[in-house]
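Some questions on helix packing and strand pairing follow, with the answers worked out from the coordinates.

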Amino acid sequence: MKNKEKTTIRKIEFKRTESIYLIVRGVEVGVAAGLICSLYRFLLQLAEDKLIDILGYIKGNPLRIALWLIGVTAIGYIVSLIVKWEPDAGGSGIPQTAGEIRGYFTLNWWKVIIAKLVGGTLTVFSGLSLGREGPSVQLGGMAAKGAAIVTKADRTSQLRMMACGTGAGMSAAFNAPIAGTMFVFEEIQHGLDRSVMCMGIVSAIVADFISKIFFGQDTIFHYDPQRIPLRFYWVLIIMGVIFGIAGTCYNHIMVKSQALFKKAERIPSGVKMSFAFLVSGIVGLFVPQVLCGGHRMTALLMQENPELKMLIFLFLAKFIFGAFSFGSGAPGGTLYPLCILGAYLGAICGDITLGVFSLGPEFRQDFVIAGMAGLFASTVRAPLTGIILVFELTGDMNSLLPLATVSLISYAVANVIGTAPFYSILFEKTVKNTEVPINTKDSEKVLQTFNIPIGSPVNGKKISEIDWGKHCLIVSIDRNEVPITPKGDTVLKEGDTLVLTISQRRYQQDVSRINKTING
């Protein structure tokens, strides 16, 4: 009993002097995630370049085409074996990583990294419409977990490092450190933890720095920004409505495509994966622009300004092929393909608007950029991340107002329609029917932060009036930047930040219950 009291006291004291520790841990996470994700980014770029070379080499030669199709079919079977060896490496990996951070299960960090690196590279080499950004989030989280295990971090630090690793992975993939940090709070944590914020900012900046060492400091999208006249902002409002509807349709169709593949239970997974890769090989022969994440579509859109009919065709082709690729369960993400779809839908809206109101073609790319943020906001339901992400992708401060206009309206429309956010749907499917393990061996406590929001049912109540559970203990309350020692008669207020120690034995169950208690 005395040992447990000493451990709790040490954790409280450490809480007051942890800033330097968080910065050091953030650097560790940034280095680990930055190196792994930069390697992944390099491998995928190499794979995509080689794919383009091969498609040019086999063009018009029936024998070479036949050999290539046989080859990609065989690669599909190899990828199915990789996913079977490490199932948590399938798909983007974001729901699996979030599941561990929230206590549902434990991932094997080194197996996931190996499977993702090899499987993701083979998937892109075969042309499936999947990107590097989602897997980079998982790779960043797993690299951070590996760093935590190697340095023997306690469980609290390990969970924080994993959360920050996801943001560092996005930072390295997109060269977007602010968006990577915001992604942690909007999508992974669903709340603001100051300790995670400190570590997360450091890790995202370090990962971005490492990525830029290898890939340069240029933004991913290069365009000549203009300012849409304010009198045409009502068009952006209509765009927001369109993108809100489009985002809900995207979520529904992507989930349905995944369900269709899983429905064919009698067909061996190797056969299904091989079939998906064969289809990708065939698509590459006729519409190579829609292959992989969509970098070729980006160049086409920004440099050649295709006409409206071509925009519509490529948008539909990318959407259908992307849903098919995602449904196959191959290692790869949907974030960058999602941005490409938003860019093309924005270009379609822009061309129609420019034609109707006789605006100059120089405004077209502003609609493209707004479209990227709008579809991201309605699909992922993380508008701040989307706005900041697109801003960092383009480096244009003047685009913030149109980005915010389209994003916030599309976000609101998607909420009104009622479709759940994309990654929330995937998360629920991932943890469904998963029996949450209760760790009976490890008695280590985990520090967890909770913020009391406006309208919380615990506002105005004494600590003693609330059932926190026998495995939980409030060790600190921060109110207006001032620490308060918690007592039974301490009255909780909106805006308070609570720091609790929670037993690892029932971590997920207790965290879920406390969140429901605080948020209602």
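Q: What covers the buried residues of α18?
A: The buried residues of helix α18 (residues 422–431) are F422, Y423, I425, L426, F427 and V431, where buried means under 20% relative accessible area with a 1.4 Å probe, protein chains only. This is a predicted model: local features need pLDDT of at least 70, side-chain atom pairs pLDDT 80 or more, while totals for chains, interfaces and linings use all residues. Residues are numbered from 1 along each chain, and side-chain values use heavy atoms, without hydrogens and water. In contact (heavy atoms within 4.5 Å), the cover includes α4 (94–101), α8 (177–189), α10 (233–263), α13 (308–327), α14 (335–357) and α15 (364–380).

Q: Are α8 and α9 oblique or roughly parallel to each other?
A: α8 and helix α9 (residues 194–215) pack at an angle of about 140°, with their axes 8 Å apart. Angles under 35 degrees count as roughly parallel, over 145 as roughly antiparallel, 65 to 115 as roughly perpendicular and the rest as oblique. The two helices, α8 and α9, are therefore oblique.

Q: Which strands stand at the edges of the open sheet?
A: Four strands form the sheet in the order β1-β4-β2-β3, with antiparallel pairing; two strands pair if DSSP finds at least two bridges between them. A single partner strand is found for each edge strand, so one side of each lacks a neighbour in the sheet: these are β1 (445–451) and β3 (482–484).

Q: How many bridges join β1 to β4?
A: β1 and strand β4 (residues 497–503) run antiparallel. L447 stands opposite T501 in β4. The number of bridges joining β1 to β4 is seven.

Definitions and conventions
Buried means under 20% relative accessible area, exposed over 50%, partly exposed in between (1.4 Å probe, protein chains only). Axes are lines fitted to C-alpha atoms, for helices over the stretch in contact, and angles run from 0 to 180 degrees between N-to-C directions.
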